Amino acid sequence: MTYEEIWQKIKCMSQKDRRLLAYEMTLKGFAIGYIHPHYYFDAKAVHDILFYPSDSQHEIEDKDGTYYNALKKIIENDEKIHVRIKRYVWLPRFINDWREGKIMKTYICSRVNEKYVNTWYKILPGKCLAGERPRSLFLTLSNGSEVVYKMTECSHKNGYELLTFSRTDI
């Protein structure tokens, strides 16, 4: 992918999705809290991708391109996607599940590098990884094939569910 394509992809993401993308960069060892696709209004052809740490308002200077290269590897690789979801104890389970499904669908769909026609997210009954219920996101691609993102890892840390989804083509 070119710099322009990555910038366009990040620009199309919501702020929540950009934070989840920044979370994936923290797993690679970078202290990133937010990623911003910057657009210069006076120079219409110049774009920038700015990286912000979670505890500061000043962007990180990426002169040697290490942050951009890590971001490029993450965006180009949609085989394994890591997501962090906050589940609220005071909300009923079906509302937490609905919220989670909405967040997962938008984020994973924003990360997929192919055109899709239809998506649906399922949280199945029963127990599986780390005492949690198995989850899957089903995507129907424009060529008629189907892709499934299945949850392969689940853990809990500081009130967040840390989920890993792996891609399987059907």
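In this predicted model, T140 stands opposite E146 of strand β6. The two strands concerned are β5, residues 135-141, and β6, residues 146-157. Five bridges join β5 to β6, and the pair runs antiparallel.

This pair belongs to an open sheet of five strands. The strand order is β3-β7-β6-β5-β4, and the pairing is antiparallel. Strands β3 and β4 (116-123) form the edges, since each pairs on one side only. On average, neighbouring strands are turned by 25 degrees against each other, direction ignored.

Two helices meet the sheet. Helix α2 packs on the sheet and touches β3 and β7 (160-169). The direction of α2 makes about 115 degrees with that of β3. Helix α4 lies across β3, β4, β5, β6 and β7. Relative to β3, α4 runs at about 150 degrees.

A further contact is between helices. Helix α1 covers residues 3-12, and helix α3 covers residues 66-76. Their axes are 11 Å apart, and the packing angle is about 70 degrees. Angles of 65 to 115 degrees count as roughly perpendicular, and α1 and α3 are therefore roughly perpendicular to each other. From α1, the contact uses Y3, I6, K9 and I10. From α3, Y68, L71, K72 and I75 take part. Six of the residues in this contact are nonpolar, two are charged and none is polar.

Pockets were examined next. Rolling a probe the size of a water molecule over the atoms shows where empty space is left. The largest pocket has a volume of about 260 Å³. Its lining consists of K9, C12, M13, D17, T106, C109, S110, V112, N113, E114, K115 and Y116. Helices α1 and α4 (93-111) are the elements that give two or more residues to this lining. Helix α4 gives the most, with three residues. By class, the lining of the largest pocket has five nonpolar, three polar and four charged residues.

The elements giving two or more residues are α2 (15-27) and β3 (80-86). The largest share, six residues, comes from α2. The lining of the second largest pocket divides into five nonpolar, two polar and four charged residues.

How values were computed
Residues numbered from 1 in each chain as written. Predicted model: local features only at pLDDT ≥ 70, side-chain atom pairs only at ≥ 80, totals over all residues. Heavy atoms only, no water. Axes fitted to C-alpha atoms, helices over the stretch in contact; angles between N-to-C directions. Helix = DSSP H or I, 4+ residues; strand = E, 2+ residues; numbered from the N terminus. Parallel < 35°, antiparallel > 145°, perpendicular 65-115°, else oblique. Contact = heavy atoms within 4.5 Å. Nonpolar A, V, L, I, M, F, W, Y, C, P; charged D, E, K, R; others polar. 1 Å grid on protein atoms, 1.4 Å probe; cavity = no way out; pocket = protein on both sides within 12 Å on 5 of 7 lines; lining within 4 Å. Points joined across faces, edges and corners; volume = space filled by probe spheres on them. Pairing = 2+ DSSP bridges.
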